[in-house]
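Okay, thanks for coming, everyone.

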Amino acid sequence: MIRRLKVKFILLSALSLFVLLAAVVTGMNLLNYRSVVNEADDVLALLSRNQGAFPDFLFDFKITIDRGDRDKRLPQGMSPELPYESRYFSVLFSPKGEVLRTETNQIISVNGEQAIRYGMEALQNGGERGFLDTFRYVKTAEGDRIRVTFLDCGRKLDAFRNFLTISVLMAAAGFVIVFLVIAFFAGKFIRPIAESHEKQKRFITDAGHEIKTPLTIINANVDLLEMDMGKNECLQDIRQQAKRLTSLTNDLVSLARMEEAEQSLSMIEFPVSEVVEETATPFKTLAQVQEKTFLWDVQPMLSMRGNDKAVSQLVSLLLDNALKYSPAGGTVSLRFARKNRTLLLTVTNTTATPVPPEALSRVFDRFYRTDPSRNSETGGHGIGLSLAKAIVTAHGGKITAETADGGKSFRITASLPVS
């Protein structure tokens, strides 16, 4: 259990760290990419308003200009060097899609033929703007003609890719380093929990052994009193409560031992179908005495690698629980079959009152009962299903609880892997 807790702690910490780093890296690069696109679109908007070229700006903002020259202002935030640093070209198309003119004076890497090819491809695309290779383009109408203006974003896209690569590598390196640190210190983090758990198991085991002696003495004294005084109600109550306390003590000790033996449980290959049938057979008589119907369907000739005594105890615990909490005239059924590489042990019983959905996740907790008012009637302590879960877990399986038939039945399914 402690080993699984350590692994879960490491995996949860690693997953949290991965999600955090992924969110940070993704957010930074999305903002960076959005900045590149927005800046390119601003420049393209400026070019498209001036027929694919930069206008003659007035760079001295201190001079007095008339109203007609206000469009010649350099847009706020743009460098005066922008017209000389930008590489761009444009292609003008007729309404029929014929090339009327190309402007490639401000770029060396693209000639007229290449510009026409880029323009035709952009014209065929449905969007108003987009990317072709490293060129950002925008389509604008000039009367009945269409101009496609391209801006070379190669250097900025290279810078974006470099930043993306560096940020991913740094995040990966940080993840590995922190993961190793978490893995190294995980044992120290959970040590208090491990020590508390070990003390709890040791206390239960030691207390169980210490309690058995006085319980044996109490039962022996009750026998002597009955010999002298005869049977009476008080002595019967003492015997009954001592029996219940003995049963509780044995269950607690068994649970503690099972949890201690999770990693060292003796595993052998055995005929599990025979073990299930042999364990289930006595419950048929018990069900008849309680005026209940007991049905079972066990697939023959199945085997598994595990602990035969523990599996037998698992079947007994589930059937005992089903009989305790099924009403008179109810039905208890057991089904054991193989599905792919899993053995499914399913025990179902009818219920007098529906099990609330919120109780399904807690039925395997120690001392938990869905109907506390029936404690004295059933004699249960809420330990049986906890012990059943420990047995299934020790075999590397899973156990679940659910309602069936619209809440009229309660079903427990134990999945045991086949090696």
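Quick definition before we start: two strands pair if DSSP finds at least two bridges between them. Helices (H or I, at least four residues) and strands (E, at least two) are DSSP runs, numbered from the N terminus. And a word on the source: this is a predicted model, where local features need pLDDT of at least 70, side-chain atom pairs count only at pLDDT 80 or more, and totals for chains, interfaces and linings use all residues. Residues are numbered from 1 along each chain as its sequence is written, and side-chain values use heavy atoms, with hydrogens and water left out.

So, the hairpin. β9 and β10 form it with 2 residues between them, and N340 in the turn has a positive phi of about 60°. Strand β9 covers residues 331–339 and β10 covers 342–350; they run antiparallel, joined by 8 bridges. If you want to find your way along the pair, L334 sits opposite V347, and V332 sits opposite N349.

Now, what joins β10 to β12? That's 9 bridges, again with the strands antiparallel, and β12 is residues 409–417. Here T350 faces S409.

Zooming out, we have an open sheet of 5 strands, in the order β7-β9-β10-β12-β11, with mixed pairing. β7 (293–298) and β11 (398–404) are at the edges with a single partner strand each, so one side of each has no neighbour in the sheet. From one strand to the next, the twist averages 15°.

On to the helices. α7 lies across β7, β9, β10, β11 and β12, and runs at about 20° to β10. Axes here are lines fitted to C-alpha atoms, for helices over the stretch in contact, and angles run from 0 to 180 degrees between N-to-C directions. Contact means heavy atoms within 4.5 Å.

α7 (residues 308–324) also meets α9 (residues 384–394): their axes come within 9 Å and cross at roughly 150°. That makes the two roughly antiparallel, a label for angles over 145 degrees.

Who's touching whom? On α7 it's A310, Q313, L314, L317, L318 and N321, and on α9 it's G384, L385, L387, A388, I391 and V392. Those residues split into 9 nonpolar, 3 polar and no charged. For that count, Ala, Val, Leu, Ile, Met, Phe, Trp, Tyr, Cys and Pro are nonpolar, Asp, Glu, Lys and Arg are charged, and the others, Gly among them, are polar.

Technical notes. Parallel < 35°, antiparallel > 145°, perpendicular 65-115°, else oblique.
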